[in-house]
Amino acid sequence: MSMKNIVQTIGLFVLLFAMQIMYAENPRAIKLETPKRPAGQTDVLKLACDPIPTVRVAFIGLGNRGSGAVYRFMSLEGVEVKALCDVVPEKVERAQNTLKKNKHQPADIYTNKNDWKKVCERDDIDLVYICTPWLAHTPMAVYAMKQGKHVAVEVPAAMSVSECWDLVNTAEQTRRHCMMLENCCYDFFEMATLNMAQQGKFGDIVHGEGAYIHDLRSSNFDKDAYYNMWRLDYNAKHTGNLYPTHGLGPICQIMNIHRGDKMNYLVSVSSDQKGMTQYAENKFGKDSKQAKGNYARGDMNTTIIRTEKGKTIMVQHDVTSPRPYSRLHTVSGTKGYCQKYPMEGLAFDPDAHGFLNDEQRKQVLAEYEHPITKEVGEKARKVGGHGGMDFIMDYRLIYCLRNGLPLDQDVYDAAEWSCLTELTELSVKNGSIPVEIPDFTRGAWNKLQGLTFAE
Ligand SMILES: NC(=O)c1ccc[n+]([C@@H]2O[C@H](COP(=O)([O-])OP(=O)(O)OC[C@H]3O[C@@H](n4cnc5c(N)ncnc54)[C@H](O)[C@@H]3O)[C@@H](O)[C@H]2O)c1
């Protein structure tokens, strides 16, 4: 080959490479590989399993959250608590007392570090309910499914994209339910606005916002608040949005994510870290080890997502600023608008410059109350758990299992909402570059049209 030909060939390759970059949808985006679905494995969209008239439950992790779950289960019909597992014996004891007070049979108790495996291996358990620290969620959920159990797992269900795939692959292989316990989807306002969205009250939805803004400084630095201070530890080591699902879940349901639309990519930006250090200086002194600690997480993280159907979502996370609690829950469409924080507000065309007044808002919320909160809301408010939404979530989980129905939230929801933990960190650490969000359904995101609640 002559020198001229060699130069021409190299030139052609360079041109082709440049064109590929120019025409790629997102030339600068980071894209993680989607693992091939193993032969014979199919999706679990609308998975329905045999009805379980009495759901036999094992709880793993009985701290703040797990103890509340056991209490709520005392008000559910058709459940038997068979096993209580926590590495702190007093926490198991406390949960056992809850059973006793409510005249339930005592459960078998487990207190060793690896006892959770024994719990999952039992052949008289249908559902494993996991409320442990974040990094234990996926290993426990995967193991439980492999032992043939359905799984309910606290938020986030997974802390990395690879863990998300582990959940999806295991659910698809074992054909077991894996529901993340995203309770905020069951709050009264979120459910009413979901109903409004599904009935077209907001018109074409173009934008949504969710958040987890919750001042957790005192809990994070309190050695008795979380087991082994797991939350502080994770906050010190990671940045991005560590806890995206409360804000994102209800918005994804409204936007039909993997039920007609999908999240394509995100960009994520974090502020500097100030809150942890300043709080530690004030509480423990400037020279304390807490004040001198390294805290990776920027105080405020803001992430923007674009969906396949051209919608945008903003998600925020801040757990170290002195400001009121907020999950935002904002929905904006061509005909109307809603927000839950700082105060519930609704506005509709042609008068959307101002909010509906109190009376009008209450009237619209009553008109669009979701059938599920109508059915069980009164009882839920009595039992409690974040104003009742926790009970509605448990009620729906058990109702669907008892009747052999698909669950309201599936493993793809768990993966999509949880994967932001790693993807936001990746974007932040790379100058807020776009990061593609995997399609965990591997092509089936358009198979279902909208979210339905099985009856
Ligand atoms: N959905 C919500 O509104 C909500 C609210 C609070 C917490 N959470 C989630 O619930 C989970 C638990 O949070 P928490 O506040 O209850 O924390 P926590 O530290 O109070 O509870 C965790 C429990 O897990 C136990 N544990 C640790 N390792 C274990 C093991 N190997 N085997 C058995 N038990 C083990 C600990 O002893 C502890 O009792 C977290 O994922 C958190 O994000 C959700």
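Contact is taken to mean that the C-beta atoms of two residues, placed from the backbone, lie within 7 Å. The model is a predicted one, in which local features need pLDDT of at least 70 and side-chain atom pairs count only at pLDDT 80 or more, while totals for chains, interfaces and linings use all residues. Residue numbers start from 1 along each chain as its sequence is written.

Strand 7 (residues 205-213) and strand 10 (residues 312-318) are parallel partners, joined over seven bridges, and A211 is placed opposite Q316 of strand 10. Strand 8 pairs with strand 9 in the antiparallel sense, again over seven bridges, with T303 in strand 9 as the bridge partner of S268. Strand 9 and strand 10 also run antiparallel, joined by six bridges, and R306 stands opposite T312 in strand 10. These two strands form a hairpin with four residues between them, and G310 in the turn has a positive phi of about 80°.

Several loops have backbone features worth a look. The peptide bond from Y341 to P342 is cis, with omega near 0°, and P342 is placed in the loop between strand 12 (336-339) and strand 13. Another cis peptide bond joins D349 and P350, with omega of about 0°; P350 lies in the loop between strand 13 and helix 12 (358-367). H258 is not a glycine, yet its phi is positive, at about 55°. The place of H258 is in the loop between helix 10 (245-254) and strand 8.

A further open sheet has six strands in the order 3-2-1-4-5-6, with parallel pairing. Strand 3 (108-110) and strand 6 each have a single partner strand, so one side of each is left without a neighbour in the sheet. From one strand to the next the twist averages 20°. Strand 1 (residues 55-60) pairs with strand 2 (residues 79-85) in the parallel sense over six bridges, and E80 in strand 2 is the bridge partner of R56. Helix 5 lies across strand 1, strand 4 (127-130), strand 5 (150-153) and strand 6, running at about 165° to strand 5.

Turning to the ligand, 26 residues surround it, and the closest are G61, G63, N64, R65 and Y227. The shell has 14 nonpolar, seven polar and five charged residues. In this grouping, Ala, Val, Leu, Ile, Met, Phe, Trp, Tyr, Cys and Pro are nonpolar, Asp, Glu, Lys and Arg are charged, and the others, Gly among them, are polar.

How is the chain divided? The domain assignment gives domain 1 (55-183) and domain 2 (185-369 + 411-436), with bounds that come from an automatic or database domain assignment. Taken over C-alpha atoms, the centres of domain 1 and domain 2 are 26 Å apart. In the contact between them, 18 residues of domain 1 meet 20 residues of domain 2. Helix 6 and strand 6 (178-180) are the elements that give two or more residues to the domain 1 side, and helix 6 gives the most, with five. This side of domain 1 has 14 nonpolar, three polar and one charged residues.

Helix 6 (residues 161-174) packs with helix 15 (residues 411-418) at an angle of about 175°, their axes 9 Å apart. That angle makes the two helices roughly antiparallel, a label used for angles over 145 degrees. C164, L167, V168 and A171 of helix 6 meet V411, Y412, A414, A415 and S418 of helix 15. By class, this contact has eight nonpolar, one polar and no charged residues.

How values were computed:
A residue is near a molecule or strand if its C-beta atom, placed from the backbone, lies within 6 Å of it. Axes are lines fitted to C-alpha atoms, for helices over the stretch in contact, and angles run from 0 to 180 degrees between N-to-C directions. Angles under 35 degrees count as roughly parallel, over 145 as roughly antiparallel, 65 to 115 as roughly perpendicular and the rest as oblique. Two strands pair if DSSP finds at least two bridges between them.
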